[in-house]
Amino acid sequence: MGRRDAQLLAALLVLGLCALAGSEKPSPCQCSRLSPRNRTNCGFPGITSDQCFDNGCCFDSSVTGVPWCFHPLPKQESDQCVMEVSDRRNCGYPGISPEECASRKCCFSNFIFEVPWCFFPKSVEDCHY
């Protein structure tokens with residue numbers, strides 16, 4: 001195999017890996033409920049919204065001085081449960097089970113310590129791209 005063939009093969013491999021790495025577009029709540037000051041960069045200068053979304057990230061160019069292409073909030077079982085940790089309002093008590101929390105029609109996520117694990121949902125009407 002010649003040098004040109006190896007370069008072509010390497011380019012095809014990179015393109016294939018990029019296609020596999022593509023993620024699904026985040027929900028509007030995963031993007032719009034994240035405070036601009038908490039955005040973490042997910043792109044490069046000049047990235048388009050389509051390129052950003054193709055990488056599974058959020059795009060919002062309406063705020064200057066912060067990343068326009070940024071990582072979304074974590075996906076939840078329901079968009080009503082997608083919110084920053086600081087927005088959680090307690091809906092339970094220490095040690096509440098996911099089932100008891102659900103019976104109260106609240107959200108449950110126990111991945112972060114020292115914050116409410118059972119918390120009130122938010123309307124999805126305020127979510128937008």
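I looked up F113 and found a relative accessibility of 65%, so F113 counts as exposed. Exposed means over 50% relative accessible area, buried under 20%, and partly exposed in between, with a 1.4 Å probe and protein chains only.

A note on what I am reading: this is a predicted model, where local features need pLDDT of at least 70, side-chain atom pairs count only at pLDDT 80 or more, and totals for chains, interfaces and linings use all residues. Residues are numbered from 1 along each chain as its sequence is written, and side-chain values use heavy atoms, with hydrogens and water left out.

**Rings**

I went on to the aromatic rings. A pair of rings is described by the distance of the centres and the angle of the planes. Rings of Phe, Tyr and Trp (its six-membered ring) pair if their centres lie within 6.5 Å; planes under 30 degrees apart count as stacked, over 60 as edge-to-face and the rest as tilted. By this rule I get 2 aromatic pairs. In one of them, F108 and W117 have ring centres 6.4 Å apart and planes at 80°, so I call the pair edge-to-face. For F113 and W117 the centres are 6.1 Å apart and the planes are at 50°, so that pair is tilted. Ring pairs therefore link F108, F113 and W117 into a cluster.

I noted one more ring, that of F53. The charged end of K25 sits over this ring, 4.3 Å from its centre. The rule asks for NZ of Lys or CZ of Arg within 6 Å of the ring centre and within 35 degrees of the ring normal.

**Disulfides**

How many disulfides does the structure hold? I find 7, each being a pair of cysteine sulfur atoms within 2.5 Å. I wrote down some of them.

C31 is joined to C58, with an S to S distance of 2.1 Å. The angle about the S-S bond is -80°, and the link of C31 and C58 is left-handed. This pair links distant parts of the chain: C31 is in helix α2 and C58 in strand β1 (residues 58-59), 27 residues apart. Helices (H or I, at least four residues) and strands (E, at least two) are DSSP runs, numbered from the N terminus. C31 is buried at 7% relative accessible area, and C58 is buried at 0%.

C42 is joined to C57, with 1.7 Å from S to S. C42 lies in the loop between α2 and α3, C57 in the loop between α3 and β1, and 15 residues separate these distant parts of the chain.

C91 and C106 form another disulfide, with sulfur atoms 1.8 Å apart. With 55° about the S-S bond, their link is right-handed. C91 is in the loop between β2 (69-70) and α4 (98-103), and C106 in the loop between α4 and β3 (107-108). Both C91 and C106 are buried.

**A serine in a loop**

Last, I checked S35. Where is S35? I found S35 in the loop between α2 (28-32) and α3 (49-54). S35 is buried, with a relative accessible area of 14%. The side chains of S35 and R37 are joined by a polar contact of 3.0 Å. A polar contact is a pair of N or O atoms within 3.5 Å; within protein, one must be able to donate a hydrogen and the other to accept it, and residues adjacent in sequence count only if both atoms are side-chain atoms.
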